Amino acid sequence: MRKRYGYSDAVVLLGKGEPKLLAALDGLVGGALLGGVAIGFLDLLSWFDAKAEFVRLATDLLSKVGVRARRAGRRDRTELLHAAHAVIVVVAFFEAVDAAVSPLRLAKLGIDKERQRELLRLGDLFDGAWPLPTADRNYEDNLGALAEAYRTAAGSLVVVIEAADTYAKLDSGAQATLRRKLLKISDTAVARYEELVKRLASDFPELAFWLQFEQERTVGASLARVEAALRAMTRGRVAEVRRAELSARHRAVLDRPILDTDDVPVGLRLPLTGDAYVDPDFQVVAMTEEARPEELGWWATWPVRTDLHHFVVGHLTAPDALAHPLVVLGDPGSGKSLLTKVLAGRLPAEDFVVVRVELRTAPAEDDVLNQVEHGIRAALHEAVSLAELCRASGDALPVIMLDGFDELLQVTGVSHTDYLVRVERLQRECAEAGRPMAVIVTSRIGVASRMRIPRGTRVLRLAPFTAEQVRWWVDVWNSANMSHFEQQGREPLSAASVLAHPDLAGQPLLLLMLALYDSTDNALRRDLHLARAVLYDRLLVGFARREVAKDRMGDLSAEVDFELDRLSVVAFAMFHRGALWASEADLDADLGALLELHRPAQRGLRAPLGPGGAVLGRFFFIQRAEARDHETTLRTYEFLHATFGEYLVARFTWRCLLEVSLVDAVKLSRHTAAHLDDDKLHAVLSFTPLTERRTVLDFLAELATAADAPKRAHLLDIVGRLLLVADDARPRRLGRYHPSPRTVPARHAIYGVNLVLLGVVLAGHLDVADVYVEDWPRTTAFWRSQLAPEEWESLVKTVRVALRPGRDVVLNLGSGTPAHLEPEMLDPDFSLVDATIEATFTTDPATNVFRYPLEALPSTRFTLDYARALIELSASPVSPTDRAARYLRWAWTFPDLVLDRLQHDVFVGIDTLRQLADTTAGRAPRFVFVLCEKLGRGGADAELLDLIAAVGNLRGVNEVSLLDAWLRLHEQGTAFGPHPDLMAVLSRLDRGRIESLRPDLIKRATAALGDLGEPGGEGV
């Protein structure tokens, strides 16, 4: 199938079975339809001259489409719809042109070759280059795109017509009327297009979905509205055998529990998929070079839609679905796989043949076609090629669902970046062979950066549940289990209790996890505002306890703790490797090294599960990804929500610290750390700084807060004693644990970092001296030398450092503006020159940032105090109160800087000036000059004159400035009172020198004396 139909192609397709009508249209357009004649520029103009007949014949052609549509299958219906839409686009434009230019014969306008080129843009309307409506845009956006195409085409006509001789012969009134009509062609064409396309929708109900006429905003279940809408479009033929078998397999999913697990309390029922699957909200965009679908922040700029069924129907019935795959992205547990299962069960077998491929079971090294045929074989239990299945299915549309592309990437570690390109190529090759198909590919959003998504591909992101969807799901859960709740004397699940934890409630599988947790004793309802660490602990302990209880009875506390320790090692495997998943091989190695769990010896033909697979296969909140590489099944594991792993890292760290303290508590001597057995704590805390996941520290802080004060004090003492010997080289029991490559110095540094972080969460505000860190700069310099740049950045952005008087260093978790340094916090033996020499030697980037601006200081004043004064007085916008304090602070040390700033400070108050009068700056002769500069400028002139009289002698003031100041006062009518007036000042000045410098002042002085009626005023 072609991606787009040009007008000629569309008419030929619609004209099948109507030879007379098609021949009449072909004759009208000069053989451009049947004869394959290229449409020229003047040919287009002749079409417009025959527009009335052209429109009549085309409309007659459209009227016969409905009959064919009722007999057509899915593929043919899509082609007919595409073609009919192409004709409507052109017919609407012709009718609009007819209303505008009916008096003119366009072919006889006398258009020269240069003007004919203007019709090139008009030709786009006929060759299929017009914008094809797509289901990812709403109706208004689709309409707007078409309107723009109409404006472009109409613009071509306007340019050509207004340049023609015939147009020039019209009088001005006729020209103005015609121009108004030409400018309305686009609006008229859009209006007519809407009429025609809505009429066409009566024969093609899918057109309403394709063009997105309207979007429903109600919560829906199990994509039932997809099935209802598509069944209304089917022709009622019975599906052939294989198609029916595939459909039956897919529909059976709707009658199964929403999760395939036995990890459910006795008596509790999981709702059926057909009842409990909630149509999620979503976002959808067409892929462009600028798109960043792997970034959640990028998605925040796109609208969220609530009509998934509307989009799905529109997409699967539109031509675009046959040209590009639809890529569905979502977080773990967001329902990507379940979406494909439900959709496969909802597509009517009469019009669709669905092949759902779980890529985890398909050979990873095979090409896309072989993977699809692997899925067919798995569903039908017989070898059937894709081509054979398509041929046997007649005109039903094949829909291929490739579920779990991310598993190919994360399990095999092999690059599949061109996978979607290969999928698109398979679509194109099948279409060229007459077997077009739609393809849907699902993937976790976290690996989207590792796939090359072809331009134009629709990318759909599943959004988290809204509060309304959560309530709907809770109602379904309660309905399925109401009798169980009544028998057990428990309340139904409260929507408010799960909505109190939005991070979990927003993902379908995690919402189910909350429901299972609450079903035991209404724990969520009872403790509505649980601390997050407490909730996660209860969730995980509850599931672990149910799992352990299947094989044992009695006190299960130790077994539950060990189960969670194994899960914690899994969490550390991801944490230390900087990934959201871990391979089964890595987990086996880590569990063997830390907990001495090993794969059992093989007995028989089946290889036993390793410790990783054994522990993780039992928990549904851990997602397993699989892929087959030759004859080997490769697996990776990840938590449905990353926060589970982060909590387990914090929990295991806390337990390791408690173990050290418990052993220490029974020892007789605790004076040194030599007696402390911290091998396990060292093993897990010497590869990755805890600041790499801030949530881990938040969980640790919650665990510390829950402990009493004596316990925290003892643990803080443990941390300090461990830091005393953290850098000592000594043998470790767990040396085989090596989840990531780290040098010995790096492990020393990271362990020190993490011990200090433990001290911070225990103390809240930690004085580093309390944990025996005596030289903070030296310690942090060592850390920085060993941490990776991103690790160092996470550390300095997570821990807030305060330098207290006496140079005490206090740490806490937080961010924000660092506290200001006070002079007493500085090292008096370390000058700015010393700092510059060291920065030059080390080329430290952070120090050089400060060094660069300070190098501009004069060599005679290359001091910290001068640099600080210069910045405070010159570059810092502050309040008047703070500015006054800065003047007073530096007036004794750097009077010249203060006077420079005062001279240009028009807001300084008289009170500040009075206080400055008693400083070194105020005693300088220039201070009087600064005061004179402020006279007559709208300030407190009387108070300024009093201050000048109190602090200085006017004879030391520059004569030009003095005269200028007194003239300003005179011109404002200031009363001088007891102070020298203008005449007194003039009598002291050398007027000749002033005139040589500022003749304007002498002119003003002459005028002023004239005002005063002084004799000789004219000759000043």
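Gly-938 is found in the loop between helix H47 (925-934) and helix H48 (941-951). With a relative accessible area of 71%, Gly-938 is exposed (exposed means over 50%, buried under 20%, and partly exposed in between, using a 1.4 Å probe and protein chains only). Gly-938 and Leu-969 are 31 residues apart in sequence, and their C-alpha atoms are 9.8 Å apart in space. Helices (H or I, at least four residues) and strands (E, at least two) are DSSP runs, numbered from the N terminus.

This is a predicted model, in which local features need pLDDT of at least 70 and side-chain atom pairs count only at pLDDT 80 or more, while totals for chains, interfaces and linings use all residues. Residues are numbered from 1 along each chain as its sequence is written, and side-chain values use heavy atoms, with hydrogens and water left out.

- Ser-202 lies in the loop between H12 and helix H13 (206-210).
- Ser-202 has a relative accessible area of 58%, so it is exposed.
- Ser-202 and Gly-66 are 136 residues apart along the chain, and 8.4 Å separates their C-alpha atoms.

**Helices that pack together**

- Two packed helices are described by the angle between their axes and the distance between the axes.
- Axes here are lines fitted to C-alpha atoms, for helices over the stretch in contact, and the angles run from 0 to 180 degrees between N-to-C directions.
- Helix H9 (residues 139-162) packs with helix H12 (residues 185-200) at an angle of about 135°, and their axes are 9 Å apart. That makes H9 oblique to H12 (angles under 35 degrees count as roughly parallel, over 145 as roughly antiparallel, 65 to 115 as roughly perpendicular, and the rest as oblique).
- H9 passes H12 in a right-handed crossing. A crossing is right-handed if the near helix is turned clockwise from the far one by less than a right angle, and left-handed if anticlockwise.
- Helix H49 (residues 959-971) and helix H52 (residues 999-1012) have axes 10 Å apart and pack at an angle of about 40°. H49 is therefore oblique to H52.
- The crossing of H49 and H52 is left-handed.

**Salt bridges**

- The structure holds 50 salt bridges (each is a side-chain nitrogen of Lys or Arg within 4 Å of a carboxyl oxygen of Asp or Glu).
- One of the pairs is Arg-251 with Glu-227, where the closest N and O atoms are 2.9 Å apart. Arg-251 lies in helix H15 (residues 241-252) and Glu-227 in helix H14 (residues 224-231), so this pair ties together parts that are 24 residues apart in sequence.
- Arg-251 counts as partly exposed because its relative accessibility is 29%, whereas Glu-227 counts as buried at 10%.
- Asp-844 forms a salt bridge with Arg-784, with 2.7 Å between the closest N and O atoms. This pair links distant parts of the chain, 60 residues apart: Asp-844 is in the loop between H40 and helix H41 (845-854), and Arg-784 is in helix H38 (residues 776-786).
- Asp-844 is buried, with a relative accessible area of 17%, while Arg-784 counts as partly exposed at 31% relative accessibility.
- Asp-586 pairs with Arg-577 in a salt bridge, the closest N and O atoms being 3.3 Å apart. Asp-586 counts as partly exposed at 28% relative accessibility, and Arg-577 counts as partly exposed at 24%.
- A network of salt bridges links Asp-677, Asp-678, Asp-679, Arg-730, Arg-732 and Arg-733.

**Positive phi values**

- Most residues other than glycine have a negative phi, and most peptide bonds are trans.
- His-381 is a residue other than glycine, yet its phi is positive, near 60°. Look for His-381 in the loop between helix H20 (368-380) and helix H21 (386-392). At 66% relative accessibility, His-381 counts as exposed.
- Thr-843 is not a glycine either, and its phi is positive at about 50°. Thr-843 sits in the loop between H40 and H41. Thr-843 counts as exposed, with 52% relative accessibility.

**A nonpolar patch on the surface**

- Leu-821, Leu-826 and Leu-864 form a nonpolar surface patch, with about 240 Å² of accessible area together.
- Patches are made of residues with over 30% relative accessible area and no salt bridge; like charges are joined within 9 Å, and nonpolar side chains (Val, Leu, Ile, Met, Phe, Trp, Tyr) within 5 Å.
- Accessible areas come from the Shrake-Rupley method with a 1.4 Å probe, and for residues only the protein chains shown count as cover.
- Leu-826 lies in the loop between strand S12 (808-813) and helix H40 (832-842). Leu-826 counts as partly exposed because its relative accessibility is 37%.
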